[in-house]
Structures are given as structure tokens and as C-alpha cells.
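This report describes the fold of one protein chain. Please examine the sequence and the model shown below before reading on.

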Amino acid sequence: MFEFLRRLRRPAPSIDDELWRITVAALPWANDLDAPRQQRLRELSARFLREKTITPVQGLQLDEVQHCMLAAMCCLPLLEFGAEGLHGWSQMLVYPDEFRVKLVDFDENDVQHEWHEEISGESHDNGVLIVSWADVAAECAAPHRGDMVVVHEMAHKLDFLDGVVDGTPPLPREWQLEWARDFQAAYEDFGDEVDALLDAEDEDPDRSANDDEDPGYLHGIRITAADAPEEFFAVVSECHFSNPDALLARMPRVAAHLTRFYGPSPFA
Ligand SMILES: [Zn+2]
């Protein structure tokens, strides 16, 4: 009788052992998690694969392992937060490479400007999450560089869960106040440093002010973090997972909040 009832219950979604083994081997971040967190990632990923649709576009083909890799990367930022972090959207689109989008902005005179840009990921409020497979693959090959497009877009999803995109995900009240204060301070400091860097390069275009680094980065953190508070949160989230030392060195308070929110970095 009990056995009969047990069979009536819907089984928890699962990923079979061999598929999970290959997926973890392909993902440096999953590989470096301890066993309990790897197990949690597996359960979240199974749920992701049951609830979400992953659609490759423009002729891209993705096999079962690649689907599972994308699910695991989306769930990596949810190890502490839990499956509620998957709420509010259902569709992931995967382009073979960077894709072109139209961007619109207004200048100081309220004149509208439109331009096109190639980007590696995009997340629509309450809607589709889009990433470039070429970027995902490049990040798996160089996992310490500070870039993780899937984590970036998932940070935007977490940020939007409370209905406001402002760089603060849903948190208990007291923590939220501390988070807002520490993130705002770090965002402003980083913005000042980026402004100084760009001014120096304007004055002397031949000599980059940060010769030691790839263009587009400052202290190992992508300078687009200075664009807006929500971009800052998404970019430092990437660093938490893929370049935690740089983040800890430059922004210890932000690093501490992210460690509490996401759990310890796999590479810490
Ligand atoms: Zn972004």
C-alpha cells in the first residue's frame, strides 16, 4: 500500500550519473564545488531542465551535455538562494556567437540616440534570457578571467525578482540596507577610478593608463560595472565566481556580501 502511494507521488527530477559526471568535468566552477554543493547544483539543474526551455538559434546545435552545462551555470548563483531564483521566466535562447542588438539612449539635451552593438548576453525583465554559446565555451576554457555571461544574466534575473532593477536582489531588510550602502559606495569609487582612467587615455591615447591589463578591465573588473548599479551587481557577481581574488582585493565589503549571498566562490 505504501509502496503504491510512493509511486503515485511525482518523482523529483533527476539527471543521470553519467550525464552529470560529464557536465561537471566540463564546468570548472562545478568541478571545484564541495560534494554537498555539487549535489545541490545537480538538483537545481534538474529542476531547471524540467521547467525551462533552452532554444539554440541561427543553426546552432546543442547536445544533452551542453543543455546540462547551461542549466548548471544558471543554477550556480542559486546554491544559497534556492529554486525561488528560477521564478518569473521560462525561455533561454542561445546564439552561436555574439549577437547584434539595437540600443537606445538619451543625451544630456534629451536627444535620442540609437546604435547597434554586438553583445554576449541579454536578460529581459520577466522574459527571455539570451546568451552566446561562443562566450560560454570561451569562459569554460579560461574560467579565472572574470567573465561569466550566464551568471551575469542570472544576476539581472535575481535583481528583478523584487520588481525593481537596482542592483539589490531580494534580501532580509537589515541585510538589504547594509548591501545597498556598501554596494553604492563601491560603485561610486569604481566609477571615479574608471573616469580617471578614461580621462588619462583621452589625454594620451598612445599610452594606456592601465597597460598591465586587457582593455575594458580595471583591477580585473570589467569597466562596464561603472555603467549603472544593476550592471555593477551583475559584473561583480561574475568576478565572485571567476576572479574572486581580484574582487576581494579591491572591494572586500562587496566580496563579503556576495559570499554570503552566493556561498563561497568555487575558486576562493
Ligand atoms: Zn548586464
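Which residues have the most contacts inside the largest nonpolar core?

## Basis of the model

This is a predicted model, in which local features need pLDDT of at least 70 and side-chain atom pairs count only at pLDDT 80 or more, while totals for chains, interfaces and linings use all residues. Residues are numbered from 1 along each chain as its sequence is written, and side-chain values use heavy atoms, with hydrogens and water left out.

## The nonpolar cores

Leu70, Met92 and Phe232 have the most contacts inside the largest nonpolar core, which has 73 residues. A nonpolar core is a set of buried Ala, Val, Leu, Ile, Met, Phe, Trp, Tyr and Cys residues joined through side-chain atoms within 4.5 Å; buried means under 20% relative accessible area, with a 1.4 Å probe and protein chains only. Helix 5 (residues 64-75) gives this core its largest share, 9 residues. Helices are DSSP runs of H or I with at least four residues, and strands are runs of E with at least two, both numbered from the N terminus.

Leaving aside residues up to four places away in sequence, Leu70 touches Ile54, Leu62, Met92, Val94, Val131, Trp133, Val136 and Val150. Such a contact means heavy atoms within 4.5 Å. Another core, of 8 residues, lies apart from the largest one and includes Leu93, Tyr95, Ile119 and Val128.

## The chain as a whole

The chain has 11 helices and 8 strands. Buried residues account for 48% of its 268 residues. Of the contacts between residues at least 6 apart in sequence, 67% join residues at least 24 apart.

Definitions and conventions
Buried < 20%, exposed > 50% of the residue type's maximum accessible area, 1.4 Å probe, protein only.
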